[in-house]
Amino acid sequence: VIRNDFAYDNEILRDTRRYDLRATRATAHSLTLTWRDVTDRFRAAQDLARSRDLLRAATDAMFNPQALVELITSDEGEVDLVLRDVNNAFCDYIDQQRTDLVGQSMLALFPNVVGAGLFENYVRCAETGEPVILDDVEYFTEFIYEPRRFDIRAAQVDDGLISITLRDTTTEFEAAQRLADSEQRYRLLAENAGDIVIQGHNGKFVWVSPA
């Protein structure tokens, strides 16, 4: 008889304990029974599972794509980054399933990280712990097939393991560009108009046309 992780209400300890049990026949009318108390192991595994569930819930609640990435070095000395976990926002952003992403090479999934200079930053972060803080980075996304702009953060969470968070700022960038273009057109129109144009703020002149 082999029973692992067997729950038993221990009458002496007055506690529900967990045991690995082994029973073998010694003679025709006797048994050899051995057991090992694995309650601490069971509870530690429960605590670990609970922590993982809380971490998953926290990352899946994030609005921005986030990935947990591990640095891998081959026997030939070639380095790569492997996706160990991704949150829901990451999957939704590129319209892929978590099961299709976890365990995959970043170089295979996102080859443009090399040309954009991101790969070497991520590797350095994984090796040295130096954080990556990049704003308004233009990147051609492989799964969306168009250039987007991102604020990027990467931090080491363990030796060789980093967390990468992305925030798509394309809409903000394009809105700022439209505003700048509109202001430039207004300025050109006002500066070349024959009418007198005055811009004021809080009772003060802030700009007047040449006319």
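Contact is taken here to mean heavy atoms within 4.5 Å. By that criterion, and leaving aside residues up to four places away in sequence, G160 touches V69, E70, L71 and A126 in this predicted model. G160 lies in the loop between β7 and β8, the latter spanning residues 161–168. Its relative accessibility is 11%, so G160 counts as buried, the limit being under 20%. The C-alpha atom of G160 is separated by 9.6 Å from that of R124, and the two residues are 36 residues apart along the chain.

V69, one of the residues that G160 touches, has its place in strand β4, which covers residues 66–73. The relative accessibility of V69 is 0%, and V69 is therefore classed as buried. With residues up to four places away in sequence again left out, V69 touches L81, V82, L83, M106, G160, L161, I162 and I164. Of the residues in this list, G160 belongs to the loop between β7 and β8. V69 and V102 are 33 residues apart along the chain, and their C-alpha atoms are separated by 9.4 Å.

The chain as a whole contains 7 helices and 10 strands. Its radius of gyration is 30 Å, whereas a compact globule of 211 residues would have a value near 17 Å. Along the principal axes, the C-alpha atoms fill a box of roughly 115 × 50 × 30 Å. Buried residues make up 28% of the 211 residues. Among contacts with a separation of 6 or more, 32% are accounted for by residues 24 or more positions apart. The chain exposes about 14500 Å², and carbon and sulfur atoms supply 52% of this area.

Charged side chains were examined next. The chain carries 23 positive and 37 negative side chains. The centres of the two sets lie 9 Å apart. The count of salt bridges comes to 17.

One of these salt bridges joins the side chains of D15 and R17, with an N to O distance of 3.2 Å. D15 has a relative accessibility of 27% and so counts as partly exposed. R17, at 14% relative accessibility, counts as buried because the value is under 20%.

A salt bridge is also formed by D136 and R149, whose closest N and O atoms are 2.7 Å apart. This pair links distant parts of the chain: D136 is in strand β6 (residues 132–141) and R149 is in strand β7 (residues 146–158), 13 residues apart. D136 is partly exposed, since its relative accessibility is 35%. R149 has a relative accessibility of 16% and is therefore counted as buried.

R167 and E172 form a further salt bridge, in which the closest N and O atoms are 2.8 Å apart. R167 is partly exposed, with a relative accessible area of 31%. E172 is likewise partly exposed, with a relative accessible area of 46%. Salt bridges that share partners join D15, R17, D37 and R43 into one network.

Definitions and conventions. Residues are numbered from 1 along each chain as its sequence is written. This is a predicted model: local features need pLDDT of at least 70, side-chain atom pairs count only at pLDDT 80 or more; totals for chains, interfaces and linings use all residues. Side-chain values use heavy atoms; hydrogens and water are left out. Helices (H or I, at least four residues) and strands (E, at least two) are DSSP runs, numbered from the N terminus. The radius of gyration is taken over C-alpha atoms; the globule rule is 2.2 Å times the number of residues to the power 0.38. Buried means under 20% relative accessible area, exposed over 50%, partly exposed in between (1.4 Å probe, protein chains only). Accessible areas come from the Shrake-Rupley method with a 1.4 Å probe; for residues, only the protein chains shown count as cover. Lys and Arg count as positive and Asp and Glu as negative; His and the chain ends are not counted. The place of a charge is taken as NZ of Lys, CZ of Arg, CG of Asp or CD of Glu. A salt bridge is a side-chain nitrogen of Lys or Arg within 4 Å of a carboxyl oxygen of Asp or Glu.
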